[in-house]
Amino acid sequence: MRNALALMLGVVVMASAIAGGWYLVGALRGDIAVPQFVAAQQAPPSANPPAKLAAKDGAKDDVEVTGALGPKPAAAPGPAPALAPVSAPVAEKACANPDALGVSRVVEIDTTGGPGFGFQHFKQFDFLTDKEVVLTFDDGPWPGNTPAVLKALDDECTKALFFSIGKHATYHPEILKQVLAAGHTVGAHTWSHVNLNGKKMTEQMDKDEIEKGFSAVKWALGTEPAPFFRFPELQHNPAMVTYLGNRNVGMFSCDIDSHDYKHDSTPEKVVSTVMNELGKQGKGIILMHDFQKRTAEALPTLLKQLKAGGY
Ligand SMILES: [Zn+2]
């Protein structure tokens, strides 16, 4: 266990903000938390059911997202990024909201060997303590919705993790730059959101999806993204898990799925789904989509409820 902890803390690679942890909220409310070394706890023997490999993003999300991808010519991304260790520029800005959710602490993750997080698929590491949540947003950047998510986060002086689709990043690089400029962490989510477990996908096609995704996000940001990756539809292709591991890219599944991609979802359902699951689990990495209008609409209420719930 100590080896695992040392490994996790050996190299500072990227920061992941945790919103509203209970024990530091009072002291840090409204401020940007000072990064601190926090050990990723090796997970205890799991009492949870085995990891589900079923699509959690859902096929509908894929269709919807794919449908949004026009033939618009994308700027050709460059060669594969080296994914050198970088730190996100964190804006030092006073928080105007005295009751903001805030950031309780910043976890810096060594992605050497490609650790995985989120108990839906990865059970080795757990860096969260009770009442801590990580807000994650997939499939952006997208006009209207992503800026609305940014505003809601900013109003609560809190930070999140964004997994951008490469094509979307080339459509709207200015929006993705705003995400980074606001102090959030930006990782990648493939080039075109294909299921990397799809029958027609070859290993080379999977690798191209991953590399073009990272390259596009890097091109849009004008700097290296975080070496963080999320599989489309949470379809964890085993060969690509190995590939990303060799690539020293951290992989993020989730603990709590907001199901905000579902066509019958509403802002109210997004809030209730997340809060109900948190009530059971007590903490977790929350999967949402800044691509979705209902999520952008739900977020101000959700963040207030997280605060009220002591998260
Ligand atoms: Zn997605």
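This is a predicted model: local features need pLDDT of at least 70, side-chain atom pairs count only at pLDDT 80 or more; totals for chains, interfaces and linings use all residues.

Residues are numbered from 1 along each chain as its sequence is written, and side-chain values use heavy atoms, with hydrogens and water left out.

Let's begin with the cysteines. Taking a disulfide as a pair of cysteine sulfur atoms within 2.5 Å, the count comes to one. The partners are C95 and C157, with 1.8 Å between their sulfur atoms. C95 sits in the loop between α3 (59–68) and β3 (103–109), while C157 is in the loop between α4 and β7, so the bond ties together parts 62 residues apart in sequence. (Helices, H or I of at least four residues, and strands, E of at least two, are DSSP runs numbered from the N terminus.) The torsion about the S-S bond is about 85°, so this disulfide is right-handed. C157 is buried, at 13% relative accessibility; here buried means under 20% relative accessible area, exposed means over 50%, and partly exposed is in between, using a 1.4 Å probe and protein chains only.

Now for the charged pairs. A salt bridge here is a side-chain nitrogen of Lys or Arg within 4 Å of a carboxyl oxygen of Asp or Glu, and the structure has eleven of them. One of these joins E156 and K304, at 3.6 Å from N to O. E156 belongs to the loop between α4 (145–155) and β7 (161–164) and K304 to helix α10 (residues 293–308), so this pair links parts 148 residues apart in sequence. E156 is buried at 4% relative accessibility, whereas K304 is exposed at 52%.

Other salt bridges stay within a helix. In α10, E297 and K293 are four residues apart, about one turn of the helix, and their side chains meet at 2.7 Å, N to O. E297 is partly exposed at 43%, and K293 is exposed at 52%. K280 and E277 make a salt bridge at 3.2 Å, N to O; they are three residues apart in helix α9 (residues 267–281), about one helical turn. Why does that spacing work? An α-helix has 3.6 residues a turn, so residues three or four places apart point the same way.

Next, turn to helix α6 (residues 173–181), where P173, I175, L176, V179 and L180 are buried. Looking down the axis, these buried residues fall within an arc of 160° (taken from the directions from the helix axis to the C-beta atoms), so they line one face of α6. Their cover includes α4, β7, α5 (166–171), β8 (185–188) and α7 (203–221). Just after α6, G183 has a positive phi of about 95°.

Finally, the interior. A nonpolar core is a set of buried Ala, Val, Leu, Ile, Met, Phe, Trp, Tyr and Cys residues joined through side-chain atoms within 4.5 Å. The largest has 45 residues, and L135, F137, L153, L278, L299 and L306 touch the most other members. Helix α10 gives the most to this core, with six residues. Leaving out residues up to four places away in sequence, the contacts of L153 (heavy atoms within 4.5 Å) include L135, F137, F162 and L299. A second, separate core of 17 residues includes F117, F127, L128 and L161.
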